[in-house]
Amino acid sequence: MIVKSEEPIFTISNAANILGISVHTLRMYEKEGLIIPFRKKSNQRLYSKKDIERVKCIKKTINEDKINIEGMRRVLALLPCWKIINCSENERTACEYFNGYTKPCWMINHKNNICADKECRECEVYNSFGSCSSIKDKLKTLLS
DNA sequence: TTTCTGACA
DNA sequence: TGTCAGAA
């Protein structure tokens, strides 16, 4: 059977085993805004291969570089999402994310703007950080 | 049995 | 980060 990399198929315990980290740590990464696992109707988390790769990158960065979860979150908080989703000038000035720099846009309330009906897990902004090199690649594209 | 949330020696 | 409680 062929499984797409975006297909959420691993339970949290499976994912933790594959990654060599604890279930608790996985939940911590989520709480801190680094990952957005898929949720079943039963509220159970499911992780895709893509999610696994994302966590590998997070783990690697936290272990090898002098950065912690907070630092990682702040890096993600600098992504110019407004350039990717092209929201209006008004929406930008009213956006909590646009005006701050401590949380990724997917941790902000989207109730009143263009993102209101979008799933952050599916969003290009969230996915521009799927591997360790993709943030840089994304920024190169946006700035060129 | 597994997972969820929340709390904390 | 680990672990425990109480519920689903």
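I began with L78, which I found in the loop between α4 (69-76) and α5 (81-85); helices here are DSSP runs of H or I of at least four residues, strands are E runs of at least two, and both are numbered from the N terminus. L78 counts as exposed because it has 11 C-beta neighbours inside 10 Å, the cut-offs being 20 or more other C-beta atoms within 10 Å for buried, 12 or fewer for exposed and partly exposed in between, with C-beta atoms placed from the backbone. I also looked up its distance to T102, which lies 24 residues apart from L78 along the chain, and the C-alpha atoms of the two are separated by 8.2 Å.

I note that this is a predicted model, in which local features need pLDDT of at least 70 and side-chain atom pairs count only at pLDDT 80 or more, while totals for chains, interfaces and linings use all residues. Residues are numbered from 1 along each chain as its sequence is written, and chains are lettered from A and ligands numbered from 1 in the order in which they are written.

Next I turned to Y29, which sits in helix α2 (residues 23-31) and counts as buried because it has 20 C-beta neighbours inside 10 Å. Leaving aside neighbours within four places in sequence, I found Y29 in contact with L34, I35, V55 and I58, where contact means C-beta atoms, placed from the backbone, within 7 Å. The C-alpha atoms of Y29 and K111, 82 residues apart along the chain, are separated by 24 Å.

I then examined how helix α1 (residues 12-19) packs with helix α3 (residues 49-64), and noted an angle of about 45 degrees with the axes 11 Å apart; axes are lines fitted to C-alpha atoms, for helices over the stretch in contact, and angles run from 0 to 180 degrees between N-to-C directions. The crossing of α1 and α3 is right-handed, meaning that the near helix is turned clockwise from the far one by less than a right angle. A15, I18 and L19 of α1 meet I52, V55, K56 and K59 of α3 in this contact.

Around DNA strand B I listed T11, I12, S13, R27, N43, Q44 and R45. Around DNA strand C I listed I21, S22, H24, T25 and M28.

Terms used: A residue is near a molecule or strand if its C-beta atom, placed from the backbone, lies within 6 Å of it. Two residues are in contact if their C-beta atoms, placed from the backbone, lie within 7 Å.
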